[in-house]
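Here are some notes for a colleague who has the coordinates open and would like a residue-level reading of the fold. They are set out as numbered points, to be checked one at a time against the display.

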Amino acid sequence: MMNILFVCSGNTCRSPMAETLMDDLVDRSSSLRGEVRVKSAGTFACEGAHATPEAVRVMEEMGHKLKRHEAEQFSPEGAKWADLILAVAKEQMEQMEVLAPEDVGKMHTLLGYVEGVYGEPDGQEYDICDPFDEGLEEYRACAQQIQTGVERLADLLTQDIEEQND
């Protein structure tokens with residue numbers, strides 16, 4: 001079983017969308033179902049906060065439900081649970097490294113990881129845009145970036161599982 005933790009700042013937009021989209025891919029994959037568990041957290045989360053209305057709406061437009069999400073704070077315990085910790089941006093990488101320094105080896109950005117850039121990238125070219133306090137179009141653009149990243153991640157994980165089973 002592989003545990004994946006997606007991390008953003010407040011755990012009300014990007015990481016819950018990543019969790020939702022990845023959960024859907026896992027559920028639809030015969031290779032990943034039962035092999036991958038997904039959660040999300042935020043480096044500055046207000047525990048129990050709901051997903052933003054824009055994130056809920058964009059996920060509904062994509063055929064997913066995000067209404068029952070409650071924000072969780074990124075913690076050393078959450079880092080220990082995870083086998084793979086994927087931040088939405090370099091900024092979260094820096095914050096996670098302070099909060100859970102013993103688990104730095106598991107930390108990557110989502111878009112960097114799927115491109116083979118492990119650990120904290122040098123620049124911000126692997127950041128997913130932050131739609132918070134922006135309009136619905138920014139949320140849609142963000143969701144598309146995340147969808148691309150999680151689809152590539154699902155492909156990589158499927159390849160790994162199939163290679164292990166050969």
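1. A residue is called buried here when its relative accessible area is under 20%, and exposed when that value is over 50%. The model itself is a predicted one, and every value in this note is computed from it.

2. K90 belongs to helix 4, and with a relative accessible area of 14% it counts as buried because this value falls under the 20% cut-off. Leaving aside residues up to four places away in sequence, K90 touches T109, E120, P121, D122, G123, Q124 and D127.

3. The sheet is open and consists of 4 strands in the order 2-1-3-4, with parallel pairing. Its edges are formed by strand 2 (36-42) and strand 4 (107-109), each of which pairs on one side only, and from one strand to the next the twist averages 25°.

4. Strand 1 pairs with strand 3 (residues 84-87) in the parallel sense over 4 bridges, and within this pairing the bridge partner of V7 is A87 of strand 3. Helix 4 (residues 90-99) packs on the sheet, where it touches strand 1, strand 3 and strand 4, and its direction makes about 170° with that of strand 4. Helix 6 also packs on the sheet, touching strand 1, strand 2 and strand 3, with a direction that makes about 160° with that of strand 1.

5. Strand 3 also pairs with strand 4, again in the parallel sense, over 3 bridges, and I85 stands opposite M107 of strand 4. In a regular strand the side chains alternate between the two faces of the sheet. In strand 3, L84 and L86 point one way while I85 and A87 point the other way, and all of them are buried.

6. Which residues does V38 touch, if those up to four places away in sequence are not counted? V38, which is placed in strand 2, touches I4, F6, E19, M22, D23 and W81 on that count. Its relative accessibility is 10%, and V38 is therefore classed as buried, the limit being under 20%. The C-alpha atoms of V38 and N3 are separated by 5.9 Å, although the two residues are 35 residues apart along the chain.

7. T12 is found in the loop between strand 1 (2-8) and helix 1 (14-28).

8. Rolling a probe the size of a water molecule over the atoms shows where empty space is left. The largest pocket holds about 160 Å³ of space, and its lining is made up of M1, M2, E35, V36, Y113, L157, D160, I161 and Q164. Helix 6 (residues 136-165) supplies the largest share of that lining, with 4 residues. By residue class, the lining divides into 6 nonpolar, 1 polar and 2 charged residues.

Methods. Residues numbered from 1 in each chain as written. Predicted model: local features only at pLDDT ≥ 70, side-chain atom pairs only at ≥ 80, totals over all residues. Heavy atoms only, no water. Helix = DSSP H or I, 4+ residues; strand = E, 2+ residues; numbered from the N terminus. 1 Å grid on protein atoms, 1.4 Å probe; cavity = no way out; pocket = protein on both sides within 12 Å on 5 of 7 lines; lining within 4 Å. Points joined across faces, edges and corners; volume = space filled by probe spheres on them. Nonpolar A, V, L, I, M, F, W, Y, C, P; charged D, E, K, R; others polar. Pairing = 2+ DSSP bridges. Axes fitted to C-alpha atoms, helices over the stretch in contact; angles between N-to-C directions. Contact = heavy atoms within 4.5 Å. Buried < 20%, exposed > 50% of the residue type's maximum accessible area, 1.4 Å probe, protein only.
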